[in-house]
Amino acid sequence: MQNLEQNQILAAERGFFNLMSLAIIALVALPVGIACLALGFGMGDSPCVMCWAERITMIAISLIALFILRYGLRPGYVAALLLMACWGMFNGFIHYSLDGTFGGYLDIKQGFGLEILGAHTQLWVIVVDFCVIAFLAVIFLCSKNLGEIMKKSASGEYGEFLRYLPLGKIANLIFIVIIAANCAQAFIVSGPPPYLGSSTPARLSLDPAKWFWEKDHWQSALDFRFDWNPELPDLPN
């Protein structure tokens with residue numbers, strides 16, 4: 001009876017880590033992978049400086065989830081996942097308010113982000129980060145023995161099991177490939193430090209003669225509204 005109970009616990013724990021692996025694969029391969037490979041190298045769409053911030057947030061979420069696959073479920077990892085997802089939604093709302101399809105005052109159809117299913121990529125940033133929170137809740141609801149999983153993770157009992165988890169290996173491989181492609185795109189579009197991402201990037205091209213790197217954002221004043229903060233006029237007394 002005890003052996004059967006142990007086998008059931010192991011199956012539940014394996015199911016949790018397999019669900020986490022699938023979530024990582026979905027996040028890296030779909031929004032991050034499609035943005036880089038399909039929209040970027042395929043259609044020539046270049047991310048602006050805010051797009052890069054949003055994409056890096058998704059990459060950070062995936063990396064934190066990979067830590068869970070390697071070291072187990074720990075409260076710090078869960079808190080970091082939720083914090084980064086909220087930060088990504090916050091950035092998405094700001095970006096969409098500037099460049100969005102429905103009321104964005106910078107977008108006059110000149111190409112501030114390609115559209116997917118009629119909505120700009122900025123809107124999908126909000127959707128994806130919300131789905132991170134929703135999927136994490138679903139994984140927790142569908143998983144059993146979360147307390148036992150956290151206890152074993154804290155004591156390091158999953159060492160060999162997590163290291164050789166098949167879906168975990170696939171998630172790591174996809175992460176490495178997609179991040180390498182993003183690094184190549186970042187070098188082409190934004191350049192190496194001290195260059196920064198552009199607000200209005202040029203179309204992505206493999207021709208070095210068409211690469212355009214800039215440092216304009218280093219000159220921006222430290223202000224929450226950035227360049228939208230005009231100086232006060234010189235009014236008469």
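This is a predicted model: local features need pLDDT of at least 70, side-chain atom pairs count only at pLDDT 80 or more; totals for chains, interfaces and linings use all residues.

Visitor: Why are H2 and H4 called roughly parallel?

Guide: Look at the angle. H2 and H4 pack at about 15°, with their axes 11 Å apart. Angles under 35 degrees count as roughly parallel. Therefore H2 and H4 get that label. H2 also passes H4 in a left-handed crossing.

Visitor: Which residues of H2 and H4 meet?

Guide: From H2 come Glu54, Met58 and Ile61. From H4 come Val125, Val128, Asp129 and Val132. By class, that contact has 5 nonpolar, no polar and 2 charged residues.

Visitor: What makes H2 and H7 roughly antiparallel?

Guide: Again, the angle. Helix H2 covers residues 49-71 and helix H7 covers residues 166-189. They pack at about 155°, with their axes 11 Å apart. Over 145 degrees counts as roughly antiparallel. So H2 and H7 are roughly antiparallel to each other.

Visitor: Is the crossing of H2 and H7 left-handed or right-handed?

Guide: The crossing of H2 and H7 is left-handed. H2 brings Trp52, Arg55 and Ile59 to the contact, among others. H7 brings residues including Phe175, Ile179 and Val189. The classes there are 10 nonpolar, 5 polar and 1 charged.

Visitor: How many cavities of 30 Å³ or more does a search of the whole structure find?

Guide: The search finds 1. The volume of the largest cavity is about 60 Å³.

Visitor: What makes a space a cavity?

Guide: A 1.4 Å probe fits there but cannot get out. Among the lining residues of the largest cavity are Ser46, Ile188, Val189, Arg203, Lys210 and Trp211. By class, the lining has 6 nonpolar, 2 polar and 2 charged residues.

Visitor: Which residue has a positive phi although it is not a glycine?

Guide: Asparagine 145, with a phi of about 60°. Most residues other than glycine have a negative phi. Asparagine 145 sits in the loop between helix H4 (121-142) and helix H5 (146-155).

Visitor: Is the peptide bond from proline 193 to proline 194 cis or trans?

Guide: That bond is cis, with omega near 10°. Most peptide bonds are trans. Proline 194 lies in the segment after H7.

Technical notes:
Residues are numbered from 1 along each chain as its sequence is written. Side-chain values use heavy atoms; hydrogens and water are left out. Axes are lines fitted to C-alpha atoms, for helices over the stretch in contact, and angles run from 0 to 180 degrees between N-to-C directions. Helices (H or I, at least four residues) and strands (E, at least two) are DSSP runs, numbered from the N terminus. Angles under 35 degrees count as roughly parallel, over 145 as roughly antiparallel, 65 to 115 as roughly perpendicular and the rest as oblique. A crossing is left-handed if the near helix is turned anticlockwise from the far one by less than a right angle, and right-handed if clockwise. Contact means heavy atoms within 4.5 Å. Ala, Val, Leu, Ile, Met, Phe, Trp, Tyr, Cys and Pro count as nonpolar, Asp, Glu, Lys and Arg as charged, and the others, Gly among them, as polar. On a 1 Å grid over the protein atoms alone, a cavity is a set of points where a 1.4 Å probe fits but cannot get out, and a pocket is an open set with protein on both sides within 12 Å along at least five of seven lines; lining residues have an atom within 4 Å of a point. Grid points are joined across faces, edges and corners, and a volume is the space filled by probe spheres set on the points.
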